[in-house]
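Me: Could you walk me through this protein with some questions and answers?

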Amino acid sequence: MPSTGRAPVRERRTEHDAHADYTGAVYGSMLAASVVIGAGALGKFPRLELVLLLSLTGLVFWIGHVHAQLFGARLAQRSLDRPTVLRVCREEWPIVEAAVPPALAVAVSPLLGLDVAGAIWLAVAVAVTGQVGWSAVGARRAGASWPLVAGTAAVNLLLGLAIIAFKIALTH
């Protein structure tokens with residue numbers, strides 16, 4: 001079989017994983033927790049509204065990040081071509097993906113027997129868990145030592161707990 005000059009798929013995937021940036025997933029998880037905390041009064045269909053709020057906020061922030069990245073490239077006098085736009089869209093997509101687990105938690109909360117308040121707390125817990133988990137995965141895949149992985153996870157847990165503390169303080 002003739003050589004294409006490209007590494008086999010498995011090698012490319014491993015190389016991608018080693019260089020993957022989990023910033024968007026961490027940021028998106030924190031954003032999702034903040035959205036749930038700040039949701040305020042919900043209307044007639046609170047679960048649906050919260051799922052839509054999480055999904056749409058993730059999409060809006062993704063568009064904002066893509067725009068900022070592309071605008072920054074434009075300011076740096078680089079031309080914007082289709083491959084660049086698609087690459088930036090892919091790189092920022094974890095912001096949207098991070099909203100999916102908390103939204104799913106809200107969607108399945110009736111199956112768990114949770115009322116709306118329980119669904120909100122479940123979504124916050126899922127979002128904070130994602131924030132901590134993605135920070136640890138990202139640090140480890142970037143080659144960080146275990147103490148540094150624990151440190152970044154601890155910082156993200158503290159940030160998540162701060163969001164929870166705001167929720168408690170604002171509702172009491």
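**A tour of the helices**

Reply: Happy to. The protein chain has eight helices and zero strands, where helices (H or I, at least four residues) and strands (E, at least two) are DSSP runs numbered from the N terminus. This is a predicted model, in which local features need pLDDT of at least 70, side-chain atom pairs count only at pLDDT 80 or more, and totals for chains, interfaces and linings use all residues. Residues are numbered from 1 along each chain as its sequence is written, and side-chain values use heavy atoms, with hydrogens and water left out.

Me: What percentage of the residues in the protein chain is buried?

Reply: Buried means under 20% relative accessible area, exposed means over 50%, and partly exposed lies in between (1.4 Å probe, protein chains only). The protein chain has 172 residues, and the buried share of them is 34%.

Me: Which residues does Val36 contact, leaving aside its neighbours within four places in sequence?

Reply: Contact means heavy atoms within 4.5 Å. Val36 is one of the residues with the most contacts inside the largest core. With those neighbours left aside, its partners are Leu50, Leu54, Ile120, Ala123 and Val124.

Me: How many residues are in the second, separate core?

Reply: In soluble globular proteins, nonpolar side chains tend to be buried together. Here the second core is separate and includes Trp62, Val66, Leu70 and Val88. Its residue count is six.

Me: Where do the buried residues of helix 4 fall, seen down its axis?

Reply: In helix 4 (residues 82-92), the buried residues are Thr84, Val88, Cys89 and Glu92. Seen down the axis, they line one face of the helix, because they fall within an arc of 135°; the arc is that of the directions from the helix axis to the C-beta atoms. On the other side, the exposed residues of helix 4 are Arg82, Pro83 and Arg90. So the buried residues fall within an arc of 135°.

Me: Within what arc do the buried residues of helix 6 fall?

Reply: Helix 6 has Pro102, Ala103, Ala105 and Val106 as its buried residues. They line one face of the helix, because seen down its axis they fall within an arc of 155°.

Me: Is Asn156 buried or exposed?

Reply: Asn156 has its place in helix 8. Not counting residues up to four places away in sequence, Asn156 touches Val26, Met30, Gln131, Val132 and Ser135. Its relative accessibility is 7%, so Asn156 counts as buried.

Me: How far apart in space are Gly160 and Ser34, C-alpha to C-alpha?

Reply: Gly160 is found in helix 8 and is buried, with a relative accessible area of 0%. Leaving aside neighbours within four places in sequence, Gly160 is in contact with Val128 and Gln131. Gly160 and Ser34 are 126 residues apart in sequence, and their C-alpha to C-alpha separation in space is 8.9 Å.

Me: Is Val60 buried or exposed?

Reply: Val60 is found in helix 3. Val60 and Ile95 are 35 residues apart in sequence and 9.7 Å apart in space, C-alpha to C-alpha. At 56% relative accessibility, Val60 counts as exposed.

Technical notes: Core = buried A, V, L, I, M, F, W, Y, C linked by side-chain atoms within 4.5 Å.
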